[in-house]
Amino acid sequence: MSPNAFTLGRIVRLSILSLGALLFLAPYIFMISTAGKAQSDIFTSSLNLIPQHWFYAENFAKAWSRVHMPTLLFNGVIVCLMILVIQVVIAIPCAYAMAKLKFRAAKAMMVLVMLGLLVPIHATALPLYVAFDRVGALNSYMALVAPFSISVFGIFLFLQFFRAMPDDLIHAARLDGMSEIGVIARVIVPNAWPAITAFSIFSVVAHWNDLYWPLIVVSDQAYATPPLGLLYFRAAEAGDDYGALMAATLIITSPLVAAFLIAQKRFVEGITMTGLKG
Amino acid sequence: MTTLSLSNIQKSFGGNHILKGVSLDVQPGEFIALVGPSGCGKSTLLRILAGLDSADSGEIVINGREVSGTQAADRNIAMVFQSYALYPHLTAAQNIAVPLVMRRLTRTQQIPFVAPLIPGQRKAVAEIHRDVREMAASLKIDHLLDRKPGQMSGGQRQRVALARAMVRRPAVFLMDEPLSNLDANLRVHARGEIVELHRRAGVPTLYVTHDQAEALSMADRVAVMIGGSLLQLAAPQVIYDDPQHIEVAKFVGQPRINLVSSHAEANGVVALGTERCALANRGLAAGTSVTLGVRSEFVRVSRSGNAGLPAHVERVEFLGSEIIVYSKLDAIGETMIAKVTPAEGAGLGPGTPVRLSAAAEHIMVFGADGARLASAPLVKSAVKEVAYA
Ligand SMILES: Nc1ncnc2c1ncn2[C@@H]1O[C@H](COP(=O)(O)OP(=O)(O)OP(=O)(O)O)[C@@H](O)[C@H]1O
Ligand SMILES: [Mg+2]
């Protein structure tokens with residue numbers, strides 16, 4: 001039997017999966033549809049997926065002209081990139097030390113990492129806000145990036161990954177003349193791409209879509225991240241112009257969707273972490 | 001010419017005393033095999049020697065210099081790991097080049113893209129390439145240089161690991177069971193190759209294995225380590241013929257040595273069931289427990305006559321050039337193993353009554369603490385001409 005034959009079981013399985021996918025995609029599809037509708041279309045009593053008058057050009061033009069999209073996207077990229085780079089640069093040596101070096105505080109650090117995983121940003125938001133206010137750092141990239149520079153989740157993820165790396169590999173590297181930093185740069189990182197990819201996806205998605213923290217520390221449009229910009233857009237400009245709002249949403253989600261489609265293979269690889277076998 | 005000396009190395013892991021005072025001297029150019037059962041601390045000792053782990057106490061002296069406080073990289077010791085530990089993301093050529101790059105290029109000369117502009121860098125890199133290719137040629141792995149470890153067989157990886165360790169001409173060479181992942185044929189072949197490489201390089205080598213055949217066939221001297229202590233360090237022949245400890249006798253030799261425990265009576269006479277044997281060591285106090293040992297090739301099996309101890313054959317194994325006979329002594333119920341020629345073993349089968357004997361000079365006597373007692377233990381049998389033990 002060929003693996004592609006459409007047996008009954010396969011059809012059932014595929015339909016269940018398709019139905020699930022459709023369910024999860026429905027809001028997004030509806031958003032794409034709404035982005036192409038005129039105001040009058042949206043507020044008709046019937047629910048149409050295909051717009052009656054194609055209004056895409058107008059809605060996108062409106063979205064693009066009324067808020068400064070380039071600034072929003074640029075801020076999003078800068079903030080996410082800075083957060084990601086700092087998180088990785090801090091988390092990898094930290095996880096390496098905890099996984100492979102022997103030192104007395106290792107146990108205590110492990111407990112701290114676990115505790116860190118338990119505390120949500122919402123619990124620390126207020127003290128952080130007060131602190132940033134005191135040093136006059138509100139409305140800056142620093143305020144957007146600094147609270148996330150140490151990712152306990154990242155440390156935890158890399159820790160698990162590094163623990164599985166053979167000790168002998170690190171011993172060999174030391175005998176070959178590498179310093180600890182050299183071991184990280186030349187041996188650990190090149191073999192940790194699956195973990196780094198997986199972590200990058202989690203980090204970028206979380207911070208690109210984050211509204212909570214930017215809303216707290218940013219009030220100046222110049223530092224607004226995409227979701228925050230969307231909020232301004234709705235409040236100040238669009239009112240109930242949902243077509244333009246959906247068009248704007250489409251614009252700010254498109255980089256992530258594009259990135260995902262391009263990196264789909266690595267994404268799956270990273271999630272399943274099958275990098276170092278064989 | 002390097003010399004290496006370890007004295008009284010101790011190591012514990014969380015209350016477990018793993019190395020109990022190991023002392024060892026390696027002469028220039030010597031090949032020493034370190035054998036012992038799994039878990040006796042062989043790898044731990046190598047790691048301490050290499051500087052990857054630290055000893056609780058003891059001294060390591062290389063060329064007259066105490067190196068305990070020195071970093072692994074500065075001891076100029078190379079090691080081949082049991083798992084080979086090749087860098088998975090680098091090709092064979094890059095793997096072999098790593099120790100040279102780390103040693104010969106300065107930090108700035110290693111910066112990608114910019115480095116070739118630095119004076120001297122191109123020449124150094126060219127030399128590294130040349131040395132890598134020479135090394136690869138001498139190990140016959142030239143055709144593998146562009147492959148990554150994942151695309152090589154176990155034997156090929158083992159050679160690349162060997163090349164990576166040898167390419168920088170280390171002062172001391174450590175190998176931790178480098179052949180244990182190979183199949184039997186390849187292992188025998190690789191044995192010869194490693195010995196040949198060692199002879200050419202002349203670097204003192206400490207070779208860890210738990211395969212006694214490897215140790216006996218390759219090494220100048222064999223160190224037998226059991227339970228964290230070095231019980232004997234001697235030439236292979238001496239280790240086999242003249243073990244100084246019962247554990248050494250048990251560990252070395254295939255099939256394993258026959259051992260019978262007993263106790264001394266007055267005047268150094270030893271009882272074996274109803275039989276009596278006299279020991280040369282007459283000073284042995286009556287009641288002392290002793291163990292007698294004899295290697296299987298020295299046990300004579302005869303079907304006629306009344307010399308020797310009566311026994312019954314339990315099982316016969318035919319191995320081509322020789323036959324292994326398992327027979328149970330009637331007097332004490334111990335099973336003895338005898339290695340005989342096919343002619344001697346003809347007609348033996350389960351249940352055949354036989355008599356076992358051994359020449360006195362082949363019988364070893366061990367005391368209760370396991371140490372070998374007298375050098376020529378049995379002079380004569382009190383009852384019969386020769387008794388087996
Ligand atoms: N890092 C460690 N922490 C705790 N115990 C350890 C550690 N390393 C080794 N041991 C213990 O030390 C003992 C000796 O280990 P070692 O690896 O030296 O054995 P080995 O002689 O090389 O055995 P094998 O022939 O199986 O490789 C073992 O009982 C092991 O459990
Ligand atoms: Mg070992």
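**The ligand and the two chains**

Analyst: This is a predicted model. By class, the residues in the shell around ligand 1 are 3 nonpolar, 6 polar and 3 charged.

User: Which residues surround ligand 1, and from which chain do they come?

Analyst: A residue counts as near the ligand if one of its heavy atoms lies within 4 Å of it. The shell around ligand 1 includes Phe13(B), Ile18(B), Glu177(B) and His210(B). It also includes the run Ser38(B), Gly39(B), Cys40(B), Gly41(B), Lys42(B), Ser43(B) and Thr44(B), together with Arg47(B), and the chain letter of these residues is B.

User: Which helix gives the most residues to the shell around ligand 1?

Analyst: The shell around ligand 1 includes Lys42(B), Ser43(B), Thr44(B) and Arg47(B), and residues 42–50 of chain B form a helix. With 4 residues, the element that gives the most to this shell is helix 1 of chain B.

User: What is the distance from an oxygen atom of ligand 1 to an N or O atom in the side chain of Ser38(B)?

Analyst: A polar contact needs a pair of N or O atoms within 3.5 Å. An oxygen atom of ligand 1 lies 2.8 Å from an N or O atom in the side chain of Lys42(B), and a polar side-chain atom of Thr44(B) is 2.5 Å from an oxygen atom of the ligand. The protein covers 62% of the 630 Å² of accessible area that ligand 1 has on its own. For the side chain of Ser38(B), the distance asked for is 2.4 Å.

User: How much area do chain A and chain B bury between them?

Analyst: In the contact between the chains, 17 residues of chain A meet 23 residues of chain B. On the side of chain A, Leu175(A), Asp176(A) and Arg186(A) supply 39% of the area that this chain buries against chain B, more than any other three residues. Of the total that the two chains bury between them, 61% is on carbon and sulfur atoms, and that total is about 1700 Å².

User: Which side chains meet in a salt bridge between chain A and chain B?

Analyst: The count between the two chains is 1 salt bridge, and its N to O distance is 4.0 Å. The side chains that meet in it are those of Asp176(A) and Arg164(B).

User: Which helix supplies the largest share of the side of chain A that touches chain B?

Analyst: Across this interface there are 9 residue pairs in polar contact. Helix 9 (167–175) and helix 10 (180–191) of chain A each supply at least two residues of the side that touches chain B. The largest share, 7 residues, comes from helix 9 of chain A.

How values were computed:
Residues are numbered from 1 along each chain as its sequence is written. Chains are lettered from A and ligands numbered from 1 in the order in which they are written. This is a predicted model: local features need pLDDT of at least 70, side-chain atom pairs count only at pLDDT 80 or more; totals for chains, interfaces and linings use all residues. Side-chain values use heavy atoms; hydrogens and water are left out. A polar contact is a pair of N or O atoms within 3.5 Å; within protein, one must be able to donate a hydrogen and the other to accept it, and residues adjacent in sequence count only if both atoms are side-chain atoms. Accessible areas come from the Shrake-Rupley method with a 1.4 Å probe; for residues, only the protein chains shown count as cover. Ala, Val, Leu, Ile, Met, Phe, Trp, Tyr, Cys and Pro count as nonpolar, Asp, Glu, Lys and Arg as charged, and the others, Gly among them, as polar. Contact means heavy atoms within 4.5 Å. Buried area is the accessible area (1.4 Å probe) that two parts lose on being put together, summed over both.
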